[in-house]
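Please look over the model shown here with its sheets and chain interfaces in mind. The report that follows takes these topics in turn.

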Amino acid sequence: MPPQLKTLIPLFAIFIFLFLLGRYLLVPESFGEQGHYRFNSVAENKDLSLQYAGRDACAECHDDKALEMESDMHAGLSCEICHGPGMVHYDNPKAGQLIIPDQREHCGLCHATNLTRVDKIAQVDLADHNPDQKCIECHNPHLPWEIAE
Amino acid sequence: MEQHYQYLYEMLSQVQGFIYPNELDLQWGLLIVLYPYITGLVAGAFILASLERVFNVKVLKPTYELALLTALAFLLVATMPLVSHLGHPLRAYEILSTPHSTSAMAIFGFVYLWYLMVVLLLEIWFDYRRDMVIWARQEKGFKARIYKILTLGVNDISPKTVKWDDKIGYFITVVGIPSAFLLHGYVGFIFGSIKANPWWSTVMMPVIFLFSAMVSGIALVLFIYMAVSYIRKQKIDMKALDTIAKYLFYILILDFTLEGLDQIHRIYEAEESFEILSLLVHGPLFLTFFIFQIFLGTIIPLIVLGILQFYKPREFTRRVIYLVSSLLVLLGIFFMRWNVVIGGQLFSKSFYGFTDYKIRIAGSEGLLWSMAWIIIPFIILAFLLWLLPPWKKVPAEPA
Amino acid sequence: MGNCRVKQSRRKFIKAAAAAGGLLATGIVNPFNAVIFATERPEDPTKPWWGYGIDIEKCIGCGRCANACKLENDVPKEPFYFRTWVEQYTIKNDGSVKVESPNGGINGFKQTVPEADIFKAFFVPKMCNHCHKSPCVQACPVGATYDSPDGVVLVDESYCIGCRYCVQACPYGCRYIHPEKNVVDKCTLCYHRISKGKTTACVEVCPTHARILGDLNDQEGELYSFMKNHNCLVLKPHLNTGSKLYYNALSAEVR
């Protein structure tokens with residue numbers, strides 16, 4: 001064998017050994033258990049904290065409001081559409097005050113006139129329909145067709 | 001981060017038509033333009049070197065070692081733009097420890113290591129081993145010690161052993177040619193395999209990348225050979241220079257034909273994406289595509305080098321022409337990479353609009369760092385030429 | 001004698017050829033029976049296999065889904081990072097298409113094209129398609145994004161190197177680089193919610209029930225009947241991504 005190879009072959013062997021050793025040490029736990037990924041990551045993704053509690057959670061305490069809503073056009077809507085995420089409040093009712101949006105624009109997100117959603121939902125021209133008043137001054141958002149005087 | 005938001009708000013006002021909201025933040029910038037550019041220079045320079053060795057083009061002898069060292073200098077830097085562009089550079093090792101077999105990008109680490117360790121370093125080592133042993137005896141002090149380490153203790157320079165150097169070196173060059181094809185064809189595949197992007201997704205991409213790599217690498221060696229001869233105040237071997245220019249011309253024809261074929265195919269098939277791509281090349285890419293890449297980088301060098309195949313002016317004129325052509329080709333190929341990488345991200349995958357890209361000056365993605373990644377290989381090359389000067393190689397005693 | 005031999009061997013050959021041809025034919029035909037919406041089903045049909053339905057006819061473009069998604073999943077507030085967003089398509093009488101999605105639809109939409117010019121208009125909510133043959137999973141070089149056993153495409157943010165190749169590979173523009181974490185981020189189908197028996201944030205807040213989360217293995221389920229009762233399509237079917245996001249009333253203009 002030529003003297004060059006006598007030196008090079010062991011050198012490359014050491015290199016490959018070090019590479020395999022490094023690889024052995026660096027592959028994280030649970031990698032490849034189910035596929036080419038760290039399987040523990042599935043559990044980590046499951047463990048993230050929730051922000052939205054869900055309608056049923058709200059109804060556990062606020063059953064009166066939930067019942068009230070069922071009698072009108074907003075039946076079936078989730079409370080958190082308007083009141084925002086409520087998980088913090090659900091876990092500790094004293095903390096985590098929810099929002100009570102009273103701006104016309106908020107109602108307009110669904111109900112402002114837009115030709116794209118014509119025939120799909122009740123629409124109001126915000127510039128034309130009592131522009132100086134808040135929607136909720138007349139419409140109870142839980143019972144929208146009950147108009148206050 | 002605030003700066004990044006500010007930049008993105010600025011870009012938001014530059015959007016034309018409709019883009020998916022997440023597309024505003026262009027993911028691959030100048031650094032990723034450099035990556036295929038630099039690897040292309042490596043592959044091209046190496047293929048030029050192997051012309052001399054494997055295909056026995058003896059006139060190219062004066063540029064053989066120069067081309068090899070150029071390839072090494074650029075290869076050493078090739079990964080740097082990539083790694084510094086990562087969101088988590090310290091996790092880069094994962095691409096070697098858990099490479100995903102279905103990912104076109106995953107084998108890069110292995111292709112790179114193969115090319116660096118098995119092809120380039122070994123070929124240079126076998127080529128210089130005998131000289132390093134001799135230099136280690138001639139030189140004193142620090143430099144002698146470097147040579148001693150570099151010989152790896154193989155000090156035998158008997159004709160029999162030197163013959164082995166030559167034989168194994170030849171074998172490595174033969175292995176090296178497909179490896180160089182692999183290295184750069186593979187970089188083309190990284191882009192060509194993205195079916196979501198019609199500007200990239202073409203089966204021609206690896207072939208186009210390969211030929212443009214050869215063009216740029218040959219132009220680089222042409223330029224470096226002239227520059228090094230000028231700095232060393234040595235007479236240029238005009239025969240070698242003419243031959244390199246001839247190869248540059250031929251491969252430029254091939255490259256241009258292949259790219260033309262790709263574009264003609266696109267135009268003729270005129271698929272769903274055709275309108276947006278047509279707007280792309282005529283709009284945001286007009287300057288870099290038609291002017292820089294095609295006109296300055298391809299047509300002008302083609303015409304000039306083509307004329308030289310029939311009509312030979314005096315040496316000085318030829319040298320000026322070669323210098324200008326090689327620089328134009330290097331510029332043209334840079335913008336070819338730019339048009340692929342940046343161009344492929346300017347249009348929305350909804351085909352309804354364009355985002356914008358502005359080069360920033362500072363920052364790791366900025367112009368200054370990018371220029372550094374181009375300049376550093378030249379510094380490495382200067383060091384390599386100081387350490388392993390091809391012109392000081394001791395000619396082997398006739399056997 | 002020789003003649004007879006030839007005949008015999010020819011007969012044998014024909015038999016063999018017929019058998020081979022038959023095998024080939026069933027081999028080619030059979031897989032097509034199994035292809036539903038260009039996806040194959042996973043091996044275990046007793047476990048959930050998550051899919052999603054969007055009814056374009058019901059969407060009113062309120063953008064509550066995009067808003068809730070950002071609040072639930074810690075998505076940056078800036079208008080260029082979205083896990084889900086809503087697009088407003090307006091097809092004019094002259095045939096031109098106008099698409100817009102200001103802040104992903106979170107602040108609502110305005111229709112600025114006059115009624116006389118509108119051929120038709122509709123809203124299209126977009127999100128990760130949780131493809132069964134995901135181009136993004138295919139592209140990830142290190143295995144930091146994957147298709148979970150129940151069919152959700154997830155990201156391992158402690159392992160992602162931030163190379164952005166998956167962002168390039170996604171045909172639907174559903175991935176972005178999280179500016180604080182420097183890793184890729186995308187819709188997880190609220191994996192932390194659905195694996196605890198809750199629905200996703202976007203489904204929770206959708207006022208018109210335009211969004212449906214469902215188990216594609218559950219033949220009594222809502223998604224199954226939605227797909228059965230409507231002509232559902234997926235986005236960019238020619239890319240064969242095995243998308244599991246099914247749209248009712250999807251127009252050809254939507255990309």
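This is a predicted model: local features need pLDDT of at least 70, side-chain atom pairs count only at pLDDT 80 or more; totals for chains, interfaces and linings use all residues.

Side-chain values use heavy atoms, with hydrogens and water left out, residues are numbered from 1 along each chain as its sequence is written, and chains are lettered from A and ligands numbered from 1 in the order in which they are written.

The antiparallel pairing of β2(C) with β4(C) extends over 9 bridges, and within it C:T90 has C:A121 of β4(C) as its bridge partner. β2(C) also pairs with β3(C) in the antiparallel sense, over 4 bridges, and here C:Q88 stands opposite C:E100 in β3(C). The hairpin of β2(C) and β3(C) has 4 residues between the strands, and C:G95 takes a positive phi near 95° in it.

## The four-stranded sheet of chain C

Another open sheet of chain C has 4 strands in the order β9-β1-β11-β10, with mixed pairing. Its edges are formed by β9 (211–215) and β10 (232–233) of chain C, each of which has a single partner strand, so one side of each is left without a neighbour in the sheet. β10(C) runs antiparallel to β11 (residues 245–248) of chain C and is joined to that strand by 2 bridges, with C:N248 in β11(C) as the bridge partner of C:C232. Helix α7 (residues 222–229) of chain C packs on the sheet and touches β1 (50–55), β9, β10 and β11 of chain C, its direction making about 50° with that of β1(C).

## The interface of chains C and B

Between these two chains, 54 residues of chain C are in contact with 44 residues of chain B, contact meaning heavy atoms within 4.5 Å. The area buried between chain C and chain B is about 4,100 Å², and carbon and sulfur atoms give 55% of this area; buried area is the accessible area (1.4 Å probe) that two parts lose on being put together, summed over both.

Which residues form a salt bridge, with the closest N and O atoms 3.5 Å apart? They are B:E272 and C:R255, and the rule, which asks for a side-chain nitrogen of Lys or Arg within 4 Å of a carboxyl oxygen of Asp or Glu, finds 1 salt bridge across the interface of chain C and chain B. On the side of chain C that touches chain B, β2 (84–92), β3 (97–100), α3 (135–139), α4 (165–169) and β7 (176–177) of chain C each supply at least two residues.

## The interface of chains B and A

This contact takes 20 residues from chain B and 15 residues from chain A. The area buried between chain B and chain A is about 1,500 Å², of which carbon and sulfur atoms give 82%, and the count of salt bridges between chain B and chain A is 0. α4 (94–97), α5 (108–138) and α7 (159–192) of chain B each supply at least two residues of the side of chain B that touches chain A, and α5(B) gives the most to that side, with 7 residues.

Terms used: Two strands pair if DSSP finds at least two bridges between them. Axes are lines fitted to C-alpha atoms, for helices over the stretch in contact, and angles run from 0 to 180 degrees between N-to-C directions.
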